[in-house]
Amino acid sequence: MQFTDRTDAGRRLAEKLGHLGPHEPVVLGLPRGGVPVAFEVARALGAPLDVTVVRKLGVPYHPELGFGAIGEGGARVISDEIVRHAGVREQDLAAVERAEEEELTRRAHAYRKGRERLPLRGRAVIVVDDGIATGATARAACQVVRAQGAAHVVLAVPVASPDVVARLRDDVDEVVCLSSPAAFSSVGEWYQDFSQTSDQEVVALLARAGDGGPAAETVEVEAGGTGLAGDLVLPAATGGVVVFAHGSGSGRHSPRNRAVARTLNRAGLGTLLLDLLTPGEEADRANVFDIGLLADRLADATRWLRHRVAVPVGSFGASTGAAAALRAAAATDSGIGAVVSRGGRPDLAGADLAAVRAPTLLIVGGDDTTVIDLNRQAQEALHCENRLEIVPGATHLFEEPGALEQVAGLARDWFTAHLVRGGPGGR
């Protein structure tokens, strides 16, 4: 079984955990990759979400090889066998532990932003990770929650090594694992998108779970005779909705676009994330770069949305999706009130750039030099209100600490100004 990404894995995992709903469980994600999975589980069960912070203890000269793990509350798991075979000296073990204890404390404070740990005494607790390879971290996490008084501990993961699953059954009351392939070698091989989860994403997901953020509605958008799967979020009294046009090889589960969408939702803006191509169409790479096809689909999705909600509509495009957004906006009846491009290829919109009337914001990473030049060329062809924002030190995917948050803030401010506050395309 292979998963599209952690969101997909979380939704599938939640289906297998429905029997725990009546027990009013607490869901705990293992940062960082386990939190997006846990978020979907918590949302499906209507359960509170928190993290349990644990740190792997790596062999000094081979840090990827873990000889144990530590967790909140003083939990400690050490593999004597690995320590012996790796020749880890007592003073080296102590030094690694001290460093990881400092990081554990830092992360716990950073993730919760001053919030207290959720009380676990007497509760059913579901510990969630994105997968298990060695099991040391998961074992430490389960020991932590048991020490905090959890009455029933469930370990839930999308994929894990079969022998590790067997060993972990002795540490918990229940193990729920969707797939334990005999040919298991690493967690990442069972995901199409296993990109790193940032600390900022963890904080955002915990905040969204804590403030009861608006739930997404799964919709099917009719576009050119094709049904496109989408996730629609409409906050109460929303002043505008933003349609996301995803880039080459990406879709509505893109963790980067979802992070931006959450920022827009918190600002009162609705979002529609949808796949502009069906799974079968995505298999042909030519379709990914068919700007005309993508633009037509986006235009149809915008019309569908405007019939559903009586508020202004904007478009957020990433990579080739930016060209599709601008080409769709160039149509005289587009109904697109504002456009934001993230690391986009607006140059691929070609001659249509001159016809765009929607205010357009181009955002590029400061270290993405080739794309900066392409955006400057596209900016010269635009005759609408426009601005180029360069995020210092950021590369194409804005994976650097704080970079994606800057993108989200810029997009929020642009859409708020031009959709909600009565600017061009606004009310």
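This is a predicted model: local features need pLDDT of at least 70, side-chain atom pairs count only at pLDDT 80 or more; totals for chains, interfaces and linings use all residues.

User: Which element gives the most residues to the lining of the largest pocket?

Analyst: Two or more lining residues come from each of strand S3 (54-59), strand S4 (62-71), strand S5 (76-78), helix H4 (90-112) and H5. With 6 residues, the element that gives the most is S4.

User: What is the volume of the second largest cavity, and which elements give two or more residues to its lining?

Analyst: The count of cavities of 30 Å³ or more comes to 2. The second largest cavity has a volume of about 50 Å³. Its lining includes Leu-28, Asp-50, Arg-112 and Val-144, and by class it has 6 nonpolar, 2 polar and 4 charged residues. The elements that give two or more residues to this lining are strand S2 (49-51) and H5.

User: How many of the residues of strand S6 are buried, and which of them lie on each side?

Analyst: In a regular strand, side chains alternate between the two faces of the sheet. In S6, Ala-124, Ile-126 and Val-128 lie on one side, Val-125 and Val-127 lie on the other, and all are buried. For strand S6 (residues 124-128), the number of buried residues is therefore 5 of 5.

User: Which residue of S6 stands opposite Gly-29?

Analyst: Strand S1 (residues 26-29) pairs with S6 in the parallel sense, over 4 bridges. Within S6, the residue opposite Gly-29 is Val-128.

User: What is the bridge partner of Val-125 in S7?

Analyst: S6 and strand S7 (residues 152-159) run parallel and are joined by 5 bridges. Ala-124 stands opposite His-152 in S7. For Val-125, the partner in S7 is Val-153.

User: Why is S7 described as largely enclosed by the rest of the structure?

Analyst: A residue counts as buried when its relative accessible area is under 20%. S7 is largely enclosed because the number of its residues that are buried is 7 of 8.

User: Which helix joins S7 and S8 in a β-α-β unit?

Analyst: S7 is also joined to strand S8 (residues 174-179) by 5 bridges, and the two run parallel. S6, helix H5 (residues 136-147) and S7 make a right-handed β-α-β unit. S7 and S8 make a right-handed β-α-β unit with helix H6 (residues 162-168).

User: How far apart are the end C-alpha atoms of residues 74-179?

Analyst: An unreviewed UniProt entry lists residues 74-179 as "domain: Phosphoribosyltransferase". This span is 46% helix and 21% strand, and its end C-alpha atoms lie apart by 31 Å.

User: Is Gly-251 buried or exposed?

Analyst: Gly-251 is found in the loop between strand S11 (241-245) and helix H8 (255-266). Its C-alpha atom is separated by 6.7 Å from that of Leu-274, which is 23 residues apart from Gly-251 along the chain. The relative accessibility of Gly-251 is 14%, and the cut-off for burial is under 20%. Gly-251 therefore counts as buried.

Note on methods: Residues are numbered from 1 along each chain as its sequence is written. Side-chain values use heavy atoms; hydrogens and water are left out. Buried means under 20% relative accessible area, exposed over 50%, partly exposed in between (1.4 Å probe, protein chains only). Two strands pair if DSSP finds at least two bridges between them. A crossover is right-handed if, with the strands pointing away from the viewer, the path from the first strand over the helix to the second runs clockwise. UniProt positions are given in the numbering used here, feature names are shortened, and annotations may be inferred rather than shown by experiment. On a 1 Å grid over the protein atoms alone, a cavity is a set of points where a 1.4 Å probe fits but cannot get out, and a pocket is an open set with protein on both sides within 12 Å along at least five of seven lines; lining residues have an atom within 4 Å of a point. Grid points are joined across faces, edges and corners, and a volume is the space filled by probe spheres set on the points. Ala, Val, Leu, Ile, Met, Phe, Trp, Tyr, Cys and Pro count as nonpolar, Asp, Glu, Lys and Arg as charged, and the others, Gly among them, as polar.
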